[in-house]
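Please look over the sequence and the structure first.

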Amino acid sequence: MPFTIAVHGLRLPVSIGWTDAERAIPQTIRFDLTIDLPTTPAAVHTDALDDTVDYGAVCERIEHLVTGRSFKLIERLAGAIADELGDLLPDGSALTLVVTKERPPIPAVEGGASVTLRRTIAP
């Protein structure tokens, strides 16, 4: 893949957790994503937002998805986001999404718990 667009450290409050009590208070979830494009976007020459993947729109889509909805597992959250982003990404691109629960309810875990999902956008 000749061109990569990445977003690092999108942090959003999410109602997430296995128990009702854990889901009752939103937790900060960190999203890091990489979009590998199959070709270099025309925006490198045109300077036009329409000629690339709008990472602002990607972030807004993620925020919209997690607002007012709850999840039990970060695995499900990652899958829901990947499903939701498909129409924003060009065919043949590859999405790598890391979803991190920064403070899981496990006392000995200080660096968070995360899942990584990789998906190719099929034509």
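Thr 28 counts as partly exposed, because its relative accessibility is 38% and the partly exposed class runs between under 20% for buried and over 50% for exposed. The model is a predicted one.

**Thr 28**

- Thr 28 belongs to strand β2.
- Pro 13 is 15 residues away from Thr 28 along the chain, yet 4.5 Å separates their C-alpha atoms.
- With residues up to four places away in sequence set aside, Thr 28 touches Arg 11, Leu 12, Pro 13, Thr 100 and Glu 102.

**Lys 101**

- Strand β4, residues 94-101, contains Lys 101.
- Is Lys 101 buried or exposed? Lys 101 has a relative accessible area of 9% and is therefore buried, as the cut-off for buried is under 20%.
- Beyond its neighbours within four places in sequence, Lys 101 is in contact with Ile 16, Gly 17, Glu 22, Gln 27, Ile 29, Ile 74, Gly 112 and Ala 113.

**Helix α3: extent and ends**

- Helix α3 spans residues 55-66, which makes 12 residues.
- From the first C-alpha of α3 to the last the distance is 17 Å, close to the 16 Å expected at 1.5 Å a residue.
- The N-terminal end of α3 is capped by Asp 54, with a side-chain oxygen 2.9 Å from the backbone nitrogen of Gly 56.
- Gly 68 follows α3 and has a positive phi, near 75 degrees.

- Which residues of α3 are buried? They are Val 58, Cys 59, Ile 62, Leu 65 and Val 66.
- Viewed down the axis of α3, these buried residues fall within an arc of 125 degrees, so they line one face of the helix.
- An α-helix has 3.6 residues a turn, so residues three or four places apart point the same way.
- Glu 60 and His 64 are exposed, on the other side of α3.
- What do the buried residues of α3 pack against? Their partners are the strands β1 (3-16), β2 (27-37) and β3 (70-71), together with helix α4 (74-85).

**Aromatic rings**

- How many aromatic pairs does a search of the whole structure find? The count is zero.
- Trp 18 has Lys 72 over the face of its ring, at 5.4 Å from the ring centre.

Technical notes: Residues are numbered from 1 along each chain as its sequence is written. This is a predicted model: local features need pLDDT of at least 70, side-chain atom pairs count only at pLDDT 80 or more; totals for chains, interfaces and linings use all residues. Side-chain values use heavy atoms; hydrogens and water are left out. Helices (H or I, at least four residues) and strands (E, at least two) are DSSP runs, numbered from the N terminus. The expected span of a helix is 1.5 Å times one less than its number of residues. Buried means under 20% relative accessible area, exposed over 50%, partly exposed in between (1.4 Å probe, protein chains only). The arc is that of the directions from the helix axis to the C-beta atoms. Contact means heavy atoms within 4.5 Å. A polar contact is a pair of N or O atoms within 3.5 Å; within protein, one must be able to donate a hydrogen and the other to accept it, and residues adjacent in sequence count only if both atoms are side-chain atoms. Rings of Phe, Tyr and Trp (its six-membered ring) pair if their centres lie within 6.5 Å; planes under 30 degrees apart count as stacked, over 60 as edge-to-face and the rest as tilted. A charge sits over a ring if NZ of Lys or CZ of Arg is within 6 Å of the ring centre and within 35 degrees of the ring normal.
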